[in-house]
Amino acid sequence: MAASFGKQSLFRLSRFSCRCKTSGFLNTKLFASPLVTSGCRHSSSSAHTNSNKQESEKHETHFGFQSVSEEEKENKVYEVFENVATKYDLMNDAMSAGVHRLWKDMFLERFSPTPGTKLLDVAGGTGDIAFRFLKYVGTPVGSTFSSSASVAQSSSDDSSSSDSEGTQVENKDSFSEPDINGSHVTVCDINQAMLDVGKAKAKSMGYSSGISWVKGNAEVLPLPDNTFDAYTIAFGIRNCTHVQKVIDEAYRVLKPGGRFMCLEFSEVKNPLLRSVYDSYSFQVIPVMGQVIAGDWKSYQYLVESIRQFPNQETFAAMIKSAGFRFVNYKNLTFGVAAIHSGFKI
Ligand SMILES: C[S@@+](CC[C@H](N)C(=O)[O-])C[C@H]1O[C@@H](n2cnc3c(N)ncnc32)[C@H](O)[C@@H]1O
């Protein structure tokens, strides 16, 4: 199992599971402590002093502001991305007025991959990070020179297989075969609908090499130890039930010297800016979701899930506790999003 397992830390949690019960976004103003042991930005206070109650809630987590079972959360998250897959890119542009593109560009700049890098992009969805990576390392669009990658590119071929848990691994070996200039990105996502949109985009953009697609859960990656030079996860980790497990898995699949990088929504510390941001998030985004994608609930979840995610310092501590070194973060747009980075040394 992961080399990082067994490491100790204040923030080390066998399960990252926030059990906060909140009724509305105003409660988001109550949390701020980077030392909340659950890693969640909400205060858990006296609700959990009763040990029996703790026991009965052991498998509870949050889905936005709802308290749900872990299994229910996974299903609900799956449904969200299945519902939004075809409108996902459009909605990202509308909600952020295109700013998500700048954040992703800045993420790649900070990552600065060199040609020859083998990248695993987890929760890679429709491929935004993967395509930027290929462009950055200079993999030529429209190239057809790699037999392994041209197999990997086909979304409807028969080369996929399922393991006993139903995890589908497409073109099992393609991730281990870098392309002609040595660069390769493996996009891993739990949701087939998102991967399908990504594959169609790859085809329309002319990428027939350098990229492969794996259906799998970030918490139990269907990939071998010590395989990748870099691991990226953009706007994906907050949707996972056990955040610490995701980070531990990242550590396991990275080669020694490999880099973990995460782009995720984070905490706006300035109270005035936060209040403007909260108003926009809760009053505008679900409405946009309804108008553009016919889906209020998924976008309500999106804004709620952002408030449930650990803040910059807590998340950095979780990355350190997985064993990563030189951990740091950079805020984007006053902390609306943040880039975290760490190395497996
Ligand atoms: C907001 S999208 C981000 C997509 C892409 N990285 C981007 O930046 O545009 C979140 C993605 O996380 C995926 N996801 C959620 N839970 C996951 C899990 N446990 N393992 C892998 N992917 C997961 C969803 O299917 C979805 O594609």
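The term pLDDT denotes the predictor's confidence in each residue, on a scale from 0 to 100. For the protein chain the mean pLDDT is 78, and 71% of the residues reach 70 or more. This is a predicted model, in which local features need pLDDT of at least 70 and side-chain atom pairs count only at pLDDT 80 or more, while totals for chains, interfaces and linings use all residues. Residues are numbered from 1 along each chain as its sequence is written.

The table gives their contacts, two residues being in contact if their C-beta atoms, placed from the backbone, lie within 7 Å.

| Stretch | pLDDT | Contacts beyond four places in sequence |
|---|---|---|
| Residues 1-56 | under 50 | 84 contacts |
| Residues 143-174 | under 50 | 58 contacts |

The protein chain contains eleven helices and eleven strands; these are DSSP runs numbered from the N terminus, helices being H or I with at least four residues and strands E with at least two. Of the contacts with a separation of 6 or more, 75% join residues 24 or more positions apart. A residue is called buried if 20 or more other C-beta atoms lie within 10 Å of its own, exposed if 12 or fewer, and partly exposed in between, with C-beta atoms placed from the backbone. Buried residues account for 44% of the 345 residues in the chain.

Helix α2 comprises residues 70-84, and its buried residues are K73, V77, V80, F81 and V84. They lie on the same side of α2, because they cover an arc of only 85° around the axis, the arc being that of the directions from the helix axis to the C-beta atoms. An α-helix has 3.6 residues a turn, so residues three or four places apart point the same way. The packing partners of the buried residues of α2 include β1 (60-63), β2 (66-69) and α3 (88-96).

Helix α2 also contributes to the ligand shell: α2 and α5 (128-137) each supply at least two of its residues. The ligand is surrounded by 21 residues, the closest being A123, G125, N191, A218 and A234; a residue is counted if its C-beta atom, placed from the backbone, lies within 6 Å. The shell divides into eleven nonpolar, seven polar and three charged residues. Ala, Val, Leu, Ile, Met, Phe, Trp, Tyr, Cys and Pro count as nonpolar, Asp, Glu, Lys and Arg as charged, and the others, Gly among them, as polar.

Residue A317 belongs to helix α11 (residues 312-321). A317 is partly exposed, because 18 other C-beta atoms lie within 10 Å.
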